[in-house]
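Hi,

Here's the structure I promised to pass on. Have a look at it first, and my notes on what turned up follow below.

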Amino acid sequence: MIQATVEAPAAVEAPIATVIELPTQNMPQRRTNADYRTREHLLGSEFEILFNRAKANRHGHRDSTILLVLVRHGFRVSELVDLRWDQIDFPTATLHVRRIKKGTPATHPIRGDELRALRKLERDQKPKSPFVFTSERGGPFTRFAINRLIERLRAATKMEIKAHPHMLRHTCGFKLANNGHDTRGIQGYLGHRNIQHTVKYTELSPDRFKDFWR
């Protein structure tokens, strides 16, 4: 009997992976804040310009009250958009501030002009909402909407400094420092857990050097 010899199939060579070298592209990186602006707070005159321009908006009372509450209480944007009516005690003119980033809560006094503005906002709010600041559809404001509001005001007033909402928190801190309030007091007001975050306001206060040339 003749035995048939079966040849094994030839081994198939594995394809050689082709390595394609793509040109490396440097991803655009955001520059530092100092490249965009020379300071991180607004001057009193600059805030007044934005505030008065906000009054001229279609929803001028709401928009100007947003700016007023931001700067009076040093709110972060996330804290502002989450602000609810049950945090405001109209009879005692106080506001219960809840802080994010593990910040310490506090109770702030509400001055007369701000109290009147908030009362009017609550009275005129339609539809009613548990949130203080709402859009035309009745939903709470978003971080994006606040950012866009400030940018539109800046553009409308042709303000040179690139203002943004967090500058109003810094404006609050510098204003309190310039008014002579101590660092610990400002720390509690802004809800800083670390006092090093507060020191920058007192360090840049011009009152530190007011007697240097007397």
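Let's start with the largest pocket, which holds about 590 Å³ of space. (A pocket, on a 1 Å grid over the protein atoms alone, is an open set of points where a 1.4 Å probe fits, with protein on both sides within 12 Å along at least five of seven lines; lining residues have an atom within 4 Å of a point. The volume is the space filled by probe spheres set on the points, which are joined across faces, edges and corners.) Its lining has 26 residues, and V71, T171, C172, K175 and N179 are the closest to the centre. Two or more lining residues come from each of α2 (44–55), α3 (60–73) and α7 (166–178), with α7 giving the most, six. (Helices are DSSP runs of H or I, at least four residues, numbered from the N terminus.) By class, this lining is 13 nonpolar, eight polar and five charged residues. (Ala, Val, Leu, Ile, Met, Phe, Trp, Tyr, Cys and Pro count as nonpolar, Asp, Glu, Lys and Arg as charged, and the others, Gly among them, as polar.)

Before going on: this is a predicted model, so local features need pLDDT of at least 70 and side-chain atom pairs count only at pLDDT 80 or more, while totals for chains, interfaces and linings use all residues. Residues are numbered from 1 along each chain as its sequence is written, and side-chain values use heavy atoms, with hydrogens and water left out.

The second largest pocket has about 450 Å³ of space. Of its 18 lining residues, R62, F141, A145, R148 and R152 lie nearest the centre. α3 and α6 (143–157) each give two or more residues to that lining, and α6 gives the most, with six.

Lastly, the axes of α8 (183–190) and α9 (196–203) come within 9 Å and cross at roughly 125°, which makes α8 oblique to α9.

Cheers

How values were computed
Axes fitted to C-alpha atoms, helices over the stretch in contact; angles between N-to-C directions. Parallel < 35°, antiparallel > 145°, perpendicular 65-115°, else oblique.
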